[in-house]
Amino acid sequence: MEATLFSLHGSTSHSYPFSLKSHFKNPFTIPNSNLKLKQRTLTIRSAISRTKKEETVETVKQQLEDCYLLAGISYKGLTVKQFQDLRSQLPETTKLLVAKNTLVLKAIEGTKWEALRPCMKGMNAWLFVHSEEIPAALKPYRTFQKEKKLEENDFTGGVFEGKFYGPDEFKVLENLPTRAEIYAQLLGSLKGPASAVVGTIQAPARNLVMVLQAYVKKLEEEQGGSQ
């Protein structure tokens, strides 16, 4: 705040200059020390935020290793306790992670999981299934959803074997045959006509792999029993 100099004239010829600036401080002026402190605080917070984002992206990438299914769940309105209850009901091979869509998208870019892009809107929790038993991994959430009457908190989509499944297609994933059912199917086809074996072999790729694995296991058991 600049001020005009005043001179007091008295009986002498001397003048006494006074500066209002030297006597009054501008209340809107921030001391340099405080300004630097605030700038330093903002820099630290920005660095912490950036580090957390990088850690989240890395966590998602780690969860994608040996992952068979990645699905999004609309979690808007869910409480912390509900999340804790849900996590306790999931199999050990299934992980539930809350992460921003932008960070998940950054982690899946350039991979087969990028097919999940249609899910990148709204508030999502992410289900990572590290097991071939897809129905068993999805069932706990369906049960939880019905018990808590969370109709609006449905699956927003998922990627399985590189293919995107929308909310209306999740029944396909939930009705996939279990390993035990595929074993039974294999054993039944081996005892039946050749056409049954052909039908089994013409099943989806996942089923075929599991059928072959079951057949190898059966041969090993037979060889072990004959020794």
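**Starting from one lysine**

Biologist: Leaving aside neighbours within four places in sequence, what is K112 in contact with?

Modeller: V159 and G162, once the neighbours within four places in sequence are set aside. Contact here means heavy atoms within 4.5 Å.

Biologist: Before I go on, what sort of model is this?

Modeller: A predicted one, where local features need pLDDT of at least 70 and side-chain atom pairs count only at pLDDT 80 or more, while totals for chains, interfaces and linings use all residues. Residues are numbered from 1 along each chain as its sequence is written, and side-chain values use heavy atoms, with hydrogens and water left out.

Biologist: Back to K112, then. Where is it found?

Modeller: In the loop between α4 and β3. Helices (H or I, at least four residues) and strands (E, at least two) are DSSP runs, numbered from the N terminus.

Biologist: And how exposed is K112?

Modeller: Partly exposed, because its relative accessibility is 49%. Buried is under 20% relative accessible area, exposed is over 50%, and partly exposed lies in between, with a 1.4 Å probe and protein chains only.

Biologist: How far is K112 from K163, going by C-alpha atoms?

Modeller: Their C-alpha atoms are separated by 8.3 Å, although the two lysines are 51 residues apart along the chain.

Biologist: Which strand has K163 in it?

Modeller: K163 is in β5, opposite F160. Strand β5 covers residues 163-165 and runs antiparallel to β4, with three bridges joining them. Two strands count as paired if DSSP finds at least two bridges between them.

Biologist: What happens between β4 and β5?

Modeller: They form a hairpin with two residues between the strands, and E161 takes a positive phi near 55° there.

Biologist: Is β4 covered or open?

Modeller: Mostly covered: five of the six residues in β4 (155-160) are buried.

Biologist: What else does β4 pair with?

Modeller: Strand β1, residues 69-74, in the antiparallel sense over five bridges.

Biologist: What about S74, buried or exposed?

Modeller: S74 belongs to strand β1. It counts as buried because its relative accessibility is 17%. Beyond neighbours within four places in sequence, S74 is in contact with M123, N124, Y141, E152, N153, D154 and T156.

Biologist: N124 is on that list. Which strand holds N124?

Modeller: β3, where N124, W126 and F128 are on one side and A125, L127 and V129 on the other, all of them buried. Six of six residues in β3 (124-129) are buried.

Biologist: Which way does β3 run against β1?

Modeller: The two pair in the antiparallel sense, over six bridges. L69 has V129 of β3 as its bridge partner.

Biologist: And how many bridges join β2 to β3?

Modeller: Five, with β2 (residues 94-98) running antiparallel to β3.

Biologist: Which residues lie nearest the centre of the largest pocket?

Modeller: T56, V98, A99, K100 and L103, out of 13 lining residues. The elements giving two or more residues to that lining are α2 (32-64) and α4 (101-108), and α2 gives the most, with four. On a 1 Å grid over the protein atoms alone, a pocket is an open set of points where a 1.4 Å probe fits, with protein on both sides within 12 Å along at least five of seven lines, and lining residues have an atom within 4 Å of a point.

Biologist: Now the whole protein. How many helices and strands does it have?

Modeller: Nine helices and five strands. Along the sequence, the pattern reads α-α-β-α-β-α-β-α-β-β-α-α-α-α.

Biologist: And how much of the protein is buried?

Modeller: Of its 227 residues, 31% count as buried. Among contacts with a separation of 6 or more, residues 24 or more positions apart account for 70%.
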